[in-house]
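Dear colleague,

Please find below the structure that I am handing over to you.

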Amino acid sequence: MSKRIVSMGKSVSCPARSTETSTDSQRARVFCGIDVSRETLAVAVLAPDQPIEHRAFANTAGGHKGLIAWLGKKRAVVRVSLEATGIYSLDLALALDGAEDVELAVLNPKLVNRFAQTLRRSKTDKADAEVLAEYSLRMPFQAWRRPGQTALALRAIGRHIEALGLEHTRALNRLRAAEGTLTAARCVVADLRRCLAGLERRMVKLRREARKVIDGNEQMREQFRLLVGMPGIGEISGLQILGELVLLVPEMKARQWVARSGLDPVHRESGSSVHKPARISRAGSRHLRRALYMPALSAVRCDPHLKAFYEALLCRHKTKLQALIAVARKLLHAIYGIFKSRTPYDGQKLFPALRIGCAIESTSR
């Protein structure tokens, strides 16, 4: 039986174990779990021959310093596990990563939830912290990799541009509705137009800032050049996609990239009675999925290889949406390939068995 542990999107298979056997495990003598919420940190600590300790700290810079000082009083290596809860856990992870005698693992919440179901039925902040402490003690350890400040800045800008884009779409829909009726006041229409113009100016400014961040980093600059050279990916899509990919650890494989995006297919079949249609897991980053959708839609029109692949799926009675999702997944595989090889996109390498103009005979991998 094997367990899977995920840290910042990277998953590896490791044998299950309930006792410490490795040198790493013997080094850590205190095990800590932290349940992170917007305002507070619920902390549980397991130490040999001692009852479990509970403390609560504010989820602020001062609270993080107090937590680190309290853990330092243990006078031992402390292995800390916490769940990846977006912006609420990131500052804490950065603070703990810089602390002395602290080993940090940032875990996939779904993985922790499955582990918790084997221990408890109740769910409280205190109970969740205890579960995380037990996870630190019992399960294989995968250290968290601290992302670079430049990568964090690019992702923050990219996600803010995405949020502004959604606001722009909503405002545009409201403007069209207002212009299509005689009951809308002129001041409302004028205000919506000003709102749209302001959002467009802000997005343009943020894109310039994102380009400055990219141009200041040689690796990002090369990756961005390769991205915008791919079919269907322009500057706007390239900024969004690169902003999500720069935080992934270099050792990840293409399949792990797909799992990180939530585009990996999930099959539900059992015996002769359960045969549910396959669907994507949606367990990864919705930001990356959203950034890949429009490039996939464009790529099936302008790239002959991806178009033939798309048409082959339609010939196999897939829906248009299913085929587009498959194209988005193929695009992610292609991005992985060009980043690793540092060579421009080549559709023939992505689809070596694909015969252009004979979509039915194409193969899907």
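Arginine 290 is partly exposed, at 39% relative accessibility; the term covers values between buried (under 20% relative accessible area) and exposed (over 50%), with a 1.4 Å probe and protein chains only. The model is a predicted one, in which local features need pLDDT of at least 70 and side-chain atom pairs count only at pLDDT 80 or more, while totals for chains, interfaces and linings use all residues. Residues are numbered from 1 along each chain as its sequence is written, and side-chain values use heavy atoms, with hydrogens and water left out.

Salt bridges

The structure holds 16 salt bridges, a salt bridge being a side-chain nitrogen of Lys or Arg within 4 Å of a carboxyl oxygen of Asp or Glu. Side chains of opposite charge can pair when their charged atoms come close.

One of these bridges joins the side chains of arginine 290 and glutamate 162, at 2.3 Å from N to O. Arginine 290 belongs to helix H11 and glutamate 162 to helix H6 (residues 149–179), so the pair ties together parts that are 128 residues apart in sequence. Helices (H or I, at least four residues) and strands (E, at least two) are DSSP runs, numbered from the N terminus. Glutamate 162 is buried, with a relative accessible area of 10%.

Another bridge links arginine 79 to glutamate 103, at 2.9 Å from N to O. Because arginine 79 lies in strand S6 (residues 78–83) and glutamate 103 in strand S7 (residues 102–107), this pair ties together parts that are 24 residues apart in sequence. Both arginine 79 and glutamate 103 are buried. Glutamate 103 is also 9.5 Å from phenylalanine 31, C-alpha to C-alpha, although 72 residues separate them in sequence. Phenylalanine 31 lies in strand S3 (residues 30–36) and is buried, at 4% relative accessibility.

A further bridge is found between arginine 211 and aspartate 215, whose closest N and O atoms are 3.7 Å apart. These two residues are 4 apart in helix H7 (residues 186–215), so about one helical turn separates them. Arg211, Asp215 and Glu235 are linked in a network of salt bridges.

Which residues gather in a patch of positive charge on the surface? They are Lys110, Arg114, Arg268, Lys276, Arg279 and Arg282. A patch is made of residues with over 30% relative accessible area and no salt bridge, like charges being joined within 9 Å and nonpolar side chains (Val, Leu, Ile, Met, Phe, Trp, Tyr) within 5 Å. Helix H4 (109–117) and strand S9 (274–280) each supply at least two residues of the positive patch. Lysine 276, in strand S9, is exposed, with a relative accessible area of 52%.

The buried residues of H4 are Leu111, Val112, Phe115 and Ala116. Seen down the axis of H4, they fall within an arc of 135° (taken from the directions from the helix axis to the C-beta atoms), so they line one face of the helix. The face turned away from the buried side carries the exposed residues Arg114 and Gln117.

Positive phi angles

Histidine 317 has a positive phi of about 70° although it is not a glycine. Its place is in the loop between helix H12 (304–315) and helix H13 (320–341), and histidine 317 is exposed, at 74% relative accessibility.

Yours sincerely,
A colleague

Methods:
Areas by Shrake-Rupley, 256 points an atom, 1.4 Å probe, with all protein chains shown as cover. Lys, Arg positive; Asp, Glu negative; His and termini not counted. Charge placed at Lys NZ, Arg CZ, Asp CG, Glu CD.
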